[in-house]
Amino acid sequence: MTPEFSIAMTMALGGFGPALAIGILVAKGLEAIGRNPEAASKIQTNMILGAAFAEAIAIYSLVVALILKFV
Amino acid sequence: MASTLHISISAETIAKIGALEISNSMLTSLIASSLLIAFALLVRSQLRQTGRPTMIQNLAEMIIEALYNLVESITNSTKRTKLFFPLVATFFLFILLNNWLGLFPGVGTIGILSNEEHAAVELMPQVQAATPAQESVNNMEVNSDSATDGEYAEGVAGGVAEKVEGVHEGPTFVPLFRAGTADLNTTIALALVSVVATQAFGFQFLHLGYLKKYLNFDNPITFFVGILETILEFAKIISFAFRLFGNIFAGEVLLAVISFLVPVIAPMPFYGLEIIVGVIQALVFALLSVVFFNMATVSHDDH
């Protein structure tokens, strides 16, 4: 397994979970907005918040990949 | 002349005042701070109680009102909003300005060619990875013999590089400006301020009862939850710091690589992406801060 391959796999596997999580999150958020359009802005704020938490995990794996490549 | 890609994960030193090193990201965040202070002073000097405000006053009022409503929608209490609002708004504006300054033309491209020798690793294709700033500082002061540096570079880069060239002598390019939040030091500092402020607000509102969040001896379960909460506080510092750093630094790397490969037209959508990411990351940092402040000041009885 060459070094470049391990760097690529770090990013690929590390991005898979968060992408799934964000997809489910936004789907539920849109469903909630559809059911209750008046609370749209509150739901949207919390949705963005949750998506940022999930994306942070992907960013951790990105940082590991960058460190592996450039340090 | 510099047709090689220049990516460095740590900020490079551009000046030294005694023992304090000024890095390029420090310089850029100083510029961002002075811009914010200048804007605030300008608005203050022109502040009038009128139904037809000037453009600057209108702009400032728009920003302040939007942020105030945002904070109020989360805390639902005027007293807490007035307490949290300055810090949260400063987080938002400071981080936003730092993120956007990283996209400004000239940041990252205008720099100085320094003539110190330091070990560089030649990767394929011509990506030049700078060693951490610490090592270049050591080289500046000690001027160690090239043999050990070459071996160090080989040892470090053994797993990564395909072709190691030992010591690389000659002028190296050090950018004069760099996005403030693309430096891990800045983001760790911001994260520390946020988490310490959370504890401070908690103590201010709940006095010593705030410690019941971490040390709860009612039954073994709540004791365990208390330990988890303590670990969570430290994880928040790491999470805040790396989320912001990762987003902005990855954006910088992306822009550098795209501009290196296809300099015309192709970087445009990526600049748009980076502008949006800058806004979202500043918003997320500020929002998460206010949510944690709020959670710390609500008493822990509703479990």
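This is a predicted model: local features need pLDDT of at least 70, side-chain atom pairs count only at pLDDT 80 or more; totals for chains, interfaces and linings use all residues.
**Entry 1: α6(B) and α8(B)**

I began with helix α6 (residues 184–206) of chain B and helix α8 (residues 267–297) of chain B, whose axes lie 8 Å apart at an angle of about 25°. The two are therefore roughly parallel, since angles under 35 degrees count as such. I noted the crossing of α6(B) past α8(B) as right-handed. From α6(B) the contact includes B:L190, B:A191, B:F201 and B:F205; from α8(B) it includes B:F285, B:F292 and B:F293. I sorted the residues of this contact and got ten nonpolar, five polar and no charged.

**Entry 2: α3(B) and α6(B)**

Next I looked at the approach of helix α3 (residues 78–101) of chain B to α6(B): the axes come within 12 Å and cross at roughly 180°. That makes this pair roughly antiparallel. On the α3(B) side I listed B:K79, B:R80, B:L83 and B:F84 among the residues that meet α6(B). On the α6(B) side, B:V193, B:Q204 and B:F205 are among the partners. The residues here divide into eleven nonpolar, two polar and two charged.

**Entry 3: α7(B) and α8(B)**

I then turned to helix α7 (residues 220–261) of chain B, which packs on α8(B) at an angle of about 175° with the axes 10 Å apart. α7(B) and α8(B) are therefore roughly antiparallel. Among the α7(B) residues in the contact I found B:K236, B:F240, B:R243 and B:L244, and among those of α8(B), B:F270, B:Y271, B:E274 and B:F285. My tally for this contact is 14 nonpolar, five polar and three charged residues.

**Entry 4: chain A against chain B**

How much area do chain A and chain B bury between them? I have about 1900 Å², with 77% of it on carbon and sulfur atoms. Chain A gives 18 residues to the contact and chain B gives 24 residues. I looked for salt bridges between chain A and chain B and the count is zero.

**Entry 5: salt bridges**

Over all chains the count comes to three salt bridges. I looked up one of them, between A:R35 and A:E31, where the closest N and O atoms are 3.7 Å apart. Where do A:R35 and A:E31 lie? Both are in helix α1 (residues 3–35) of chain A, four residues apart, which is about one turn of the helix.

Methods. Residues are numbered from 1 along each chain as its sequence is written. Chains are lettered from A and ligands numbered from 1 in the order in which they are written. Side-chain values use heavy atoms; hydrogens and water are left out. Axes are lines fitted to C-alpha atoms, for helices over the stretch in contact, and angles run from 0 to 180 degrees between N-to-C directions. Angles under 35 degrees count as roughly parallel, over 145 as roughly antiparallel, 65 to 115 as roughly perpendicular and the rest as oblique. A crossing is left-handed if the near helix is turned anticlockwise from the far one by less than a right angle, and right-handed if clockwise. Contact means heavy atoms within 4.5 Å. Ala, Val, Leu, Ile, Met, Phe, Trp, Tyr, Cys and Pro count as nonpolar, Asp, Glu, Lys and Arg as charged, and the others, Gly among them, as polar. Buried area is the accessible area (1.4 Å probe) that two parts lose on being put together, summed over both. A salt bridge is a side-chain nitrogen of Lys or Arg within 4 Å of a carboxyl oxygen of Asp or Glu.
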